[in-house]
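Welcome! Try each task before reading its solution.

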Amino acid sequence: MGFKIVIPARHASTRLPGKPLLDILGKPMILRVLDRAREADAEEVWVATDHPGIAEVVERAGGQVILTAAEHPSGTDRLAEVATRLGWSDDAVVVNVQGDEPLIPPRLIGEVATALADDREAAIATACHPLLSAEEFFNPNVVKLVLDARGRALYFSRAPIPWARDAFAADRGVLPAGLPAYRHIGLYAYRAGFLKSYSSLAASPLEQWEALEQLRAMAHGFPIRVMVLDHAPPAGVDTAEDLERVRRAFDLAEVSR
């Protein structure tokens, strides 16, 4: 099954300015992500950025890059510009691989693309994994979701969902056995036709309150297929501490070769 990958890469970052160009064992982060994406056997891999310096680094490494508008409010909007400008068919499957995920498993990229291709009614596919600790479950920085019987998302929230009324009335220190608590993984596959229509969709109040852009799609009735993984993939880079963790991971990988 063919699919395409777009890696949105913004230079501006509140916590880590210039994040895509930060060094990881002699190579900028964006190129580490590009390496992973190339291993996923996509038909095309593009980096979408609003920064000429990032574009230059990618081009020198032989990557395909497209300079997009600077004012996009989200990565989804940036992908929509790419899908439109490159003339991709509405049925094309496009995977959004974040530019700060240098450890993302290539196989996972292909799996989320396949999940979307296999569900003809879905506009988006994404992934999640079981939550095992109450600390994460009650953390508003951890996005939770609930699923229907077909494996589609019913809702995403920063709040603790689903709420185990009786169990949490007695003890909120542990998760009750069997609670279907899942953490969302921010990897998305889209149909290009949906991407082209996304920016014209009115913002949802739920999207604005929760600060979760996927709720716009749900508010307008677009189904989201969700893969349930056994465990979490390696985390991306949001902070300086994350960057050091990723550098250590690459260092260990080099030593083990």
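Predicted model: local features only at pLDDT ≥ 70, side-chain atom pairs only at ≥ 80, totals over all residues.

**Exercise 1. Find the buried residues of helix H4 and what covers them.**

**Exercise 2. Check whether the length of helix H4 agrees with its residue count.**

Step 1: H4 runs over residues 106-118, which makes 13 residues.

Step 2: The expected span is 1.5 Å times one less than the number of residues, so H4 should span 18 Å.

Step 3: The end C-alpha atoms of H4 are 19 Å apart, which agrees.

**Exercise 3. Which residues touch the most other members of the largest nonpolar core?**

Step 1: This core has 44 residues, and the ones to pick are Phe3, Ile5, Ile7, Ile30, Val95 and Val97.

Step 2: Take Val97 and set aside residues up to four places away in sequence; Val97 then touches Ile5, Val6, Ile7, Pro8, Val33, Ile104, Ile109 and Leu187.

Step 3: A separate second core has 31 residues, among them Trp88, Val143, Tyr190 and Tyr198.

**Exercise 4. Is alanine 192 buried or exposed, and what is it in contact with?**

Step 1: Find alanine 192 in helix H7.

Step 2: Its relative accessible area is 0%, so alanine 192 is buried.

Step 3: Leaving out neighbours within four places in sequence, alanine 192 has contacts with Ala83, Trp88, Ser89, Asp90, Ala92 and Val94.

**Exercise 5. Describe the lining of the largest cavity.**

Step 1: The structure holds 1 cavity of 30 Å³ or more, and the largest cavity has a volume of about 50 Å³.

Step 2: Its lining is made up of Thr76, Ile124, Tyr188, Tyr190, Phe194, Tyr198, Glu213, Gln214 and Ala217.

Step 3: Sorted by class, the lining has 6 nonpolar, 2 polar and 1 charged.

**Exercise 6. Which residues line the second largest pocket?**

Step 1: Find the pocket, which has a volume of about 220 Å³.

Step 2: Its lining consists of Pro105, Arg107, Leu108, Glu111, Leu229, Asp230, His231, Ala232, Pro233 and Pro234.

Step 3: These divide into 6 nonpolar, 1 polar and 3 charged residues.

How values were computed:
Residues numbered from 1 in each chain as written. Heavy atoms only, no water. 1 Å grid on protein atoms, 1.4 Å probe; cavity = no way out; pocket = protein on both sides within 12 Å on 5 of 7 lines; lining within 4 Å. Points joined across faces, edges and corners; volume = space filled by probe spheres on them. Nonpolar A, V, L, I, M, F, W, Y, C, P; charged D, E, K, R; others polar. Helix = DSSP H or I, 4+ residues; strand = E, 2+ residues; numbered from the N terminus. Buried < 20%, exposed > 50% of the residue type's maximum accessible area, 1.4 Å probe, protein only. Contact = heavy atoms within 4.5 Å. Core = buried A, V, L, I, M, F, W, Y, C linked by side-chain atoms within 4.5 Å.
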